[in-house]
Amino acid sequence: MFPSVTRVSAVDIVRARYCNMDYIFLSSITSAGSLPIVLSYNVMCQWLKNFWTRIESLPEHLRGRLQKGNFKGVIPKFHIVVHEELCQQLYSLHYTPGVGRTDGEGIERNWSVLNGAACSMKEMGPGTRRDTLDDFCGFSNYKKVLAFGKWSLFFSNELNSILQ
Ligand SMILES: [Zn+2]
């Protein structure tokens, strides 16, 4: 068992099978509105094989939100260098419009914290394990919220220096 982390939630999955990832992903975007979606995943090139065929068996309320034209799968920049050249061409953030200079690795950063708790969590029952994951993810979110102030101050100062 290991958790899968999305921008809005973390899911404790029994096996990292693609059908589980399909369900988790589609569930996480049901309230995302009509904005384009860029998803980074270190095995995007593998996960997207037969993706559109696989999701045909999922309920309409899950897959109805996703359109081929408003979805782009990418591979995070640190991970993409070990992929084949074709993967680097198809799934690079460098060639993806609208993503700025993001590295797509944000989701991976949670592992540095969660890996430290893995040994104790694998001994836990399901309820305690979920509570512990919830605590760790909550703390991670708390640290992000605290950083918003630091970064907004940084960007505000940068903007002021540009405008002067
Ligand atoms: Zn690849």
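Start by selecting Phe136, which is partly exposed, with 18 other C-beta atoms within 10 Å. The model on screen is a predicted one. Phe136 sits in helix H8. Now show its surroundings: setting aside neighbours within four places in sequence, Phe136 is in contact with Val113, Leu114 and Ala117.

Next, select helix H7, residues 106–121. Its 16 residues reach 23 Å from the first C-alpha to the last, close to the 22 Å expected at 1.5 Å a residue. Where is the kink in H7 centred? Go to Leu114: the helix bends there by about 40°. Leu114 is also one of the contacts of Phe136.

Return to H8 and select the whole helix, residues 126–163. The end C-alpha atoms are 54 Å apart, which agrees with the 56 Å that 38 residues should span at 1.5 Å a residue. H8 has a kink too, of about 25°, centred on Ala147. Is H8 largely buried or in the open? One of its 38 residues is buried, so the helix lies largely in the open.

Now move to the largest nonpolar core. Select Tyr41, Met44, Val74, Ile75, Ile80, Tyr91 and Leu93, the seven residues that form it.

Asn50 is the next stop. Select the loop between helix H2 (44–47) and helix H3 (51–54), where Asn50 lies. Most residues other than glycine have a negative phi. Asn50 is not a glycine, yet its phi is positive, at about 65°. Is Asn50 buried or exposed? Asn50 has 9 other C-beta atoms within 10 Å and is exposed, because 12 or fewer such atoms count as exposed.

Finally, clear the selection and view the whole protein chain. How many helices and strands does the chain have? There are eight helices and four strands, and from the N terminus on they follow the order β-β-α-β-α-α-α-β-α-α-α-α. The C-alpha trace spans about 55 × 40 × 35 Å along its principal axes. Of the 164 residues in the chain, 9% are buried. Among contacts between residues at least 6 apart in sequence, 60% join residues at least 24 apart.

How values were computed: Residues are numbered from 1 along each chain as its sequence is written. This is a predicted model: local features need pLDDT of at least 70, side-chain atom pairs count only at pLDDT 80 or more; totals for chains, interfaces and linings use all residues. Helices (H or I, at least four residues) and strands (E, at least two) are DSSP runs, numbered from the N terminus. The expected span of a helix is 1.5 Å times one less than its number of residues. The bend at a residue is the angle between axes fitted to the seven residues ending there and the seven starting there. A residue is buried if 20 or more other C-beta atoms lie within 10 Å of its own, exposed if 12 or fewer, and partly exposed in between; C-beta atoms are placed from the backbone. Two residues are in contact if their C-beta atoms, placed from the backbone, lie within 7 Å. A nonpolar core is a set of buried Ala, Val, Leu, Ile, Met, Phe, Trp, Tyr and Cys residues joined through C-beta atoms within 7 Å.
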